[in-house]
Amino acid sequence: MSGLRLSFGRLPRPWYDGVMVGNESGKPVWPRVRIPPRRRRLRVAEILEATIGGTRRHLMYILHGLDPLQFEFTFIYSAERDPGFRKAIAELESIGVRCVEVPMVRSVRPLADLRALVRLVCVLARGRFDAVHAHSSKAGFLGRVAARLAGVPKVFYTPHVYYFQ
C-alpha cells in the first residue's frame, strides 16, 4: 500500500496541530490533538461490595488505567467477603486513590443495609463528587440510592453478576 496518503481535512485550530504524512525517515507522523486543560480534576467515586474475582479485576483496571491528572478517585469498598482485600488497598493508595471502607453484606439485611446507606450518603455528600460509578448488585443498589440522596449529578452502574440465591 505504498503511496497511500491520508487527508484529515481542516479542523479547528485549538484542537489540531496538523498532519505530516511522512518525515525524513519515511515513517508517518500522526496528528497531535491538544486536550484543553481542565480547571480541576473530575471527582469520581467507585463503589464496590464484591471484592473478589472479575469485578475486583475490572475495577483495578479502571483505577490504574485512567489519567490521574484528569480524575480524582475515591474507592468505597467493603471487605466483608474477602478480608484479604485490605492488603490491596495500600497499592491503590500509593497511586493516589483515596480508599474508604463501608461495611456491606451481600444478602438482604434491612438494618445492615440502612447503616451502609447512611454511611454512603455521608461519604458522598462530604466528597462533593462529579460522578459515582457503582458495581454489582448490592453496591450498585445502595450506591445509586446514596448518590441520588447526596445530590451527585452523574450516576453510573455496571452490573457484573446477578444474585439469585
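A nonpolar core is taken here as a set of buried Ala, Val, Leu, Ile, Met, Phe, Trp, Tyr and Cys residues joined through side-chain atoms within 4.5 Å, where buried means under 20% relative accessible area, exposed over 50% and partly exposed in between (1.4 Å probe, protein chains only). The model is a predicted one, so local features need pLDDT of at least 70 and side-chain atom pairs count only at pLDDT 80 or more, while totals for chains, interfaces and linings use all residues. Residues are numbered from 1 along each chain as its sequence is written, and side-chain values use heavy atoms, with hydrogens and water left out.

To start with the overall layout, the protein has four helices and five strands; helices (H or I, at least four residues) and strands (E, at least two) are DSSP runs, numbered from the N terminus. Read from that end, the order of elements is β-α-β-α-β-α-β-α-β. Of the 165 residues, 35% are buried. Taking contact to mean heavy atoms within 4.5 Å, 60% of the contacts between residues at least 6 apart in sequence join residues at least 24 apart.

Now for the inside. In soluble globular proteins, nonpolar side chains tend to be buried together. The largest nonpolar core here holds 21 residues, and those touching the most other members are I47, I76, M104, L120, L124 and V132. Strand 1 (42–48), helix 3 (110–127), strand 4 (131–135) and helix 4 (137–150) each give two or more residues to this core, with helix 3 supplying the largest share, six residues. Setting aside residues up to four places away in sequence, L124 touches A45, I47, I76, F129, V132, G143, A146, A147, A150 and V152. There is also a second, separate core of 17 residues, with F75, Y77, A79 and V97 among them.

Then there is E49, which sits in the loop between strand 1 and helix 1. Beyond its neighbours within four places in sequence, E49 contacts S78, R81, M104, V105, R106, K138 and A139.

The axes of helix 1 (residues 53–65) and helix 2 (residues 86–94) come within 11 Å and cross at roughly 15°; axes are lines fitted to C-alpha atoms, for helices over the stretch in contact, and angles run from 0 to 180 degrees between N-to-C directions. The two helices are therefore roughly parallel to each other, the label for angles under 35 degrees. On the helix 1 side, R56, M60, L63 and H64 meet A88, E91 and L92 in helix 2.

Terms used: Parallel < 35°, antiparallel > 145°, perpendicular 65-115°, else oblique.
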